[in-house]
Amino acid sequence: MYGSRLQTLAIASVVTLAGGFALAAFYAPMDADQGFMQKIFYLHVPLAIVALGGFVFGAYQAVQHLRTGDPSRDLKSYVAIHMSLILGIGALVTGSIWARASWGKWWVWDEPTLVAFLIIFLLYCTYQPLRFSIEDRDRQARYASVFAVTAGVFTPLNFLAVRLADPLIHPRTLDSQDNLPGEMRLAFLVCLLGMALLYVTLWKFELTHKHARAQLRSLKRKLGAADAARGRSAAPEATVS
Amino acid sequence: MSDNLPDNGGYVAAAYLVFPALVLIYVAIMAIRLSRLERDLAQLNEAADRPAPDEVAEPREEVRAT
């Protein structure tokens with residue numbers, strides 16, 4: 001069910017990402033200020049945007065779960081947040097490498113963009129421990145959904161607050177169209193699309209895996225029960241005869 | 001090769017290596033989980049192929065009756 005079109009999606013994401021990175025390397029011009037180092041932008045920014053978008057998507061699925069009570073929505077929200085955390089690690093690491101190359105420091109604590117992203121990332125790091133600290137499945141799903149909605153609302157608000165704050169050294173490239181000339185914008189948009197496709201592919205992949213595992217467990221339980229029933233039904237017959 | 005890279009090319013290369021490494025780690029973890037699933041599925045298949053106890057008992061009774 002979840003695995004439909006997974007192969008097409010995987011191929012599309014690999015082709016789009018490879019194309020985007022090729023455009024970034026060979027088509028987009030060198031940045032006048034940062035030079036070759038600016039090429040990290042085409043990886044780091046899509047990673048961060050898609051990770052944040054994934055958190056909001058997780059919140060949307062959580063709202064649907066709370067509204068309908070459909071457990072598959074809870075699973076979708078869980079996987080969306082999990083995937084965003086993975087991309088978030090990528091955004092933090094690539095950003096840190098870029099910071100070291102550009103500013104000479106791995107991390108700058110008084111830069112709102114960096115700290116805001118870290119806060120969101122750390123907030124979502126508590127999602128899984130929260131889930132696994134609640135044994136009752138229904139309560140776990142409900143509490144996790146409430147968390148996902150609250151944190152999901154916090155994500156764009158936090159992003160907006162960062163946009164309104166005065167930047168220290170982190171550039172605000174997407175604030176103005178002039179910051180990104182045509183070739184750079186095209187390469188960036190293709191990379192962003194590729195990253196979004198990769199996110200959807202991995203999200204569907206993990207959903208497919210979890211769905212298959214759940215089906216297998218259910219089948220195991222059924223077979224176990226069938227075996228036990230057979231055993232019980234066979235034994236009395238033997239004693240009667 | 002490093003002589004051909006522009007200034008700070010090492011950092012760019014490192015950033016672009018982190019990404020596939022991250023995806024590879026994820027894929028490796030998922031591959032381990034999938035192999036576990038496959039093993040469970042094989043066990044289920046074996047269990048399904050095994051004859052049920054009543055199916056085994058019936059012929060014995062027939063032998064006793066004769």
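H2(A) crosses H4(A) in a left-handed manner, meaning that the near helix is turned anticlockwise from the far one by less than a right angle. Helices here are DSSP runs of H or I with at least four residues, numbered from the N terminus. The model is predicted: local features need pLDDT of at least 70, side-chain atom pairs count only at pLDDT 80 or more, and totals for chains, interfaces and linings use all residues. Residues are numbered from 1 along each chain as its sequence is written, chains are lettered from A in the order in which they are written, and side-chain values use heavy atoms, without hydrogens and water.

The axes of H2(A) and H4(A) lie 12 Å apart, at an angle of about 45°. H2(A) is therefore oblique to H4(A). In the contact (heavy atoms within 4.5 Å), A:Ala48, A:Ala51, A:Leu52 and A:Phe55 of H2(A) meet A:Phe117, A:Ile120 and A:Tyr124 of H4(A).

Beyond neighbours within four places in sequence, A:Tyr124 touches residues including A:Phe55, A:Ile81 and A:Phe147. A:Tyr124 is also among the residues with the most contacts inside the largest nonpolar core, which has 58 residues. Such a core is a set of buried Ala, Val, Leu, Ile, Met, Phe, Trp, Tyr and Cys residues joined through side-chain atoms within 4.5 Å. H3(A) gives the most to this core, with 13 residues.

| Residue | Relative accessible area | Class |
|---|---|---|
| A:Cys125 | 31% | partly exposed |
| A:Cys191 | 0% | buried |

Over all chains the count of disulfides is zero, with a disulfide taken as a pair of cysteine sulfur atoms within 2.5 Å.

How values were computed: Buried means under 20% relative accessible area, exposed over 50%, partly exposed in between (1.4 Å probe, protein chains only). Helices (H or I, at least four residues) and strands (E, at least two) are DSSP runs, numbered from the N terminus. Axes are lines fitted to C-alpha atoms, for helices over the stretch in contact, and angles run from 0 to 180 degrees between N-to-C directions. Angles under 35 degrees count as roughly parallel, over 145 as roughly antiparallel, 65 to 115 as roughly perpendicular and the rest as oblique.
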